[in-house]
Amino acid sequence: MDIEVNIYMSEIKKFFRDNPKELHSLIPVGEEEEFYNEIKIKAEENVKNGNDVTLTRSQMIEICVKVNRNFSSKKENKIFFKTEYGEICLN
């Protein structure tokens with residue numbers, strides 16, 4: 001199981017390393033590790049359930065939506081900064 005998932009992850013990472021525009025059309029820059037982690041989790045679930053390791057189109061879309069939502073949540077929180085004078089909002 002682990003070998004199959006590791007091979008799949010190597011192929012995914014190689015594809016996106018060779019095609020960075022494809023990757024960043026799906027997710028924001030800087031969110032690659034979360035994206036790859038989510039793919040690995042789904043691939044492991046697929047193998048565990050007796051399915052092909054390769055993610056379906058709907059699984060990939062689900063991951064992209066999740067990563068983009070998580071990024072939006074992080075981004076929204078970055079308008080508040082803690083300083084020695086208290087919390088500042090850069091709105």
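Reader: What makes the reach of H3 close to the one expected at 1.5 Å a residue?

Author: H3 has 17 residues, and from its first C-alpha to its last it reaches 24 Å. The expected span is 1.5 Å times one less than the number of residues, and for H3 that comes to 24 Å, so the reach is close to what is expected. Keep in mind that this is a predicted model.

Reader: How do you know which element has the highest confidence, and which the lowest?

Author: By mean pLDDT: H3 has the highest at 96, while strand E1, residues 80-83, has the lowest at 64. For the protein as a whole the mean is 87, and 79% of the residues reach 70 or more.

Reader: What makes glutamate 38 and lysine 66 a salt bridge?

Author: The cut-off is 4 Å between a side-chain nitrogen of Lys or Arg and a carboxyl oxygen of Asp or Glu. Here the closest N and O atoms are 3.3 Å apart, so the pair counts. This pair links distant parts of the chain: glutamate 38 sits in helix H3 (residues 32-48) and lysine 66 in helix H4 (residues 57-77), 28 residues apart.

Reader: Are those two partners buried or exposed, and how do you know?

Author: Buried means under 20% relative accessible area, and exposed means over 50%. Glutamate 38 has 12%, so it is buried. Lysine 66 has 40%, which falls in between, so lysine 66 is called partly exposed.

Reader: How many salt bridges does the structure hold?

Author: Four. Among them is the one between lysine 42 and glutamate 45, with the closest N and O atoms 3.8 Å apart. That is within the 4 Å limit, so this pair makes the list.

Reader: Where do lysine 42 and glutamate 45 lie?

Author: Both are in helix H3, three residues apart, which is about one turn of the helix. In an α-helix there are 3.6 residues a turn, so residues three or four places apart point the same way.

Reader: Which other residues of H3 are buried?

Author: The list includes Phe35, Tyr36, Ile39, Ala43 and Val47, along with Glu34 and Asn46. Take glutamate 34: its relative accessibility is 18%, under the 20% cut-off, so it is buried. Its side chain makes a polar contact with the side chain of asparagine 70, at 2.4 Å.

Reader: What makes asparagine 46 buried, and which residues does asparagine 46 touch?

Author: Leaving out residues up to four places away in sequence, asparagine 46 touches Asn51, Asp52, Val53, Thr54, Leu55 and Gln59. With threonine 54 there is a polar detail: its backbone oxygen lies 3.5 Å from a polar atom of the side chain of asparagine 46. As for threonine 56, that residue is 10 places from asparagine 46 in sequence and 9.7 Å away in space, C-alpha to C-alpha.

Reader: What follows H3?

Author: Glycine 50, whose phi is positive, near 80 degrees.

Reader: Now H1. How do you know where its buried residues lie around the axis?

Author: The buried residues in H1 are Val5, Tyr8, Met9, Ile12 and Phe16. They cover an arc of only 100 degrees around the axis, so they are on the same side of H1. These buried residues pack against helix H2 (20-26) and H3. On the face turned away from the buried side, H1 carries the exposed residues Ile3 and Arg17.

Technical notes. Residues numbered from 1 in each chain as written. Heavy atoms only, no water. Helix = DSSP H or I, 4+ residues; strand = E, 2+ residues; numbered from the N terminus. Buried < 20%, exposed > 50% of the residue type's maximum accessible area, 1.4 Å probe, protein only. Arc of directions from axis to C-beta. Contact = heavy atoms within 4.5 Å. Polar contact = N/O pair within 3.5 Å; in protein donor to acceptor, adjacent residues only side chain to side chain. pLDDT = per-residue confidence, 0-100.
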